[in-house]
Amino acid sequence: MNLVLLAVEIAGLAVLGFLVGAVNPATLLARAFGRDLRTSGSGNPGAANAGRVLGRRWGAVVLALDVAKAYVPTLLVLMAVGRLAALVTGLAVVLGHVFSPFLRGRGGKGVACAAGAILAVDPVVALAALVVFGVVLPFVPAIGEASVVATLALVVIGVLGAVGVLPLVDPLVGAWLVVLALLVLSRHRRNVAEWGARLRGRR
């Protein structure tokens with residue numbers, strides 16, 4: 001395929017991915033119940049807050065939808081166009097979720113979306129992050145902090161893959177994982193700060 005046409009195609013997929021990611025299931029579901037997540041619970045339009053405000057069952061529904069809205073388009077692009085286009089699409093979906101124009105740029109934290117994109121591109125890495133999350137969760141006071149640890153694990157995996165130390169992770173995918181993980185971490189600044197303050201307080 002001509003490189004110019006490929007670039008145009010990938011750009012178009014990125015725009016579509018961003019728009020798909022910008023649709024926020026948590027907000028739509030909460031509105032259906034007459035609730036506003038921006039003024040309820042933590043104020044975050046994501047699965048954890050949806051579970052807090054609407055109940056665990058609906059939180060699980062939002063979680064599944066957030067994962068699926070990144071997994072499905074990323075996987076379809078991977079199969080139809082190729083890995084580079086899939087990486088761009090997956091990142092675009094997460095960016096759309098985090099900076100949703102429909103929510104005036106105040107979207108979710110991107111954990112579930114990032115998980116969906118990674119699951120489509122590299123299921124083994126997604127499973128590794130899930131294992132880290134599950135191991136850490138009983139030892140931290142909040143889901144957000146377990147998410148931070150799992151995301152930090154993704155940074156490590158990504159860096160090792162990018163520099164060629166981890167053969168199972170392609171360098172390009174490794175660099176992509178680092179970008180995704182840093183994006184998610186940027187949305188967890190509050191969790192990181194609170195966790196750091198507690199650790200300093202124990203010294």
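**Surface, size and fold**

Author: The protein chain has an accessible surface of about 10700 Å², and 70% of that surface belongs to carbon and sulfur atoms. Such areas come from the Shrake-Rupley method with a 1.4 Å probe, and for residues only the protein chains shown count as cover. This is a predicted model, in which local features need pLDDT of at least 70 and side-chain atom pairs count only at pLDDT 80 or more, while totals for chains, interfaces and linings use all residues. Residues are numbered from 1 along each chain as its sequence is written, and side-chain values use heavy atoms, with hydrogens and water left out.

Reader: How do you know whether the radius of gyration of the protein chain agrees with that of a compact globule?

Author: The rule for a globule is 2.2 Å times the number of residues to the power 0.38, with the radius taken over C-alpha atoms. For 203 residues a compact globule would have a radius near 17 Å; the protein chain has 17 Å, and therefore the two agree. Along its principal axes, the C-alpha trace spans about 55 × 45 × 25 Å.

Reader: How many helices and strands does the protein chain have?

Author: The count is 10 helices and zero strands. Helices (H or I, at least four residues) and strands (E, at least two) are DSSP runs, numbered from the N terminus. Read along the sequence, the pattern is α-α-α-α-α-α-α-α-α-α.

**Buried and exposed residues**

Reader: What makes Arg104 buried or exposed?

Author: Arg104 has a relative accessible area of 79%, so this residue is exposed. Arg104 lies in the loop between H5 and H6. Its phi is near 60°, a positive value in a residue other than glycine.

Reader: How are Val156, Val131 and Gly12 classed?

Author: Val156, in helix H8, has 48% relative accessibility and so counts as partly exposed. Val131, in helix H7, has 46% and is therefore partly exposed. Gly12, in helix H1 (residues 3–22), has 32%, so partly exposed is the class here too. Of the 203 residues of the protein chain, 45% count as buried.

**The cores**

Reader: What makes up the largest nonpolar core?

Author: A nonpolar core is a set of buried Ala, Val, Leu, Ile, Met, Phe, Trp, Tyr and Cys residues joined through side-chain atoms within 4.5 Å. The largest such set here has 26 residues, and those with the most contacts inside it are Val94, Ile118, Val125, Trp176 and Leu177. Two or more residues each come from helix H5 (83–98), helix H6 (111–121), helix H7 (123–136), helix H8 (143–162) and helix H9 (171–186). The largest share, eight residues, is given by H9. Setting aside neighbours within four places in sequence, Trp176 is in contact with Leu87, Leu91, Ala117, Ile118 and Val121. A second, separate core of nine residues includes Ala26, Ala30, Leu37 and Ala50.

Reader: How do you know that helix H3 (residues 47–54) is mostly covered?

Author: Six of the eight residues of helix H3 are buried. These are Ala47, Asn49, Ala50, Gly51, Val53 and Leu54. They pack against helix H2 (25–32) and helix H4 (56–80). Just after H3, Gly55 takes a positive phi of about 115°.

**Distances and charges**

Reader: How far apart are the mean positions of the positive and negative charges?

Author: The mean positions of the 18 positive and 7 negative charges are 12 Å apart. Lys and Arg count as positive and Asp and Glu as negative, while His and the chain ends are not counted. Each charge is placed at NZ of Lys, CZ of Arg, CG of Asp or CD of Glu.

Notes:
Buried < 20%, exposed > 50% of the residue type's maximum accessible area, 1.4 Å probe, protein only. Contact = heavy atoms within 4.5 Å.
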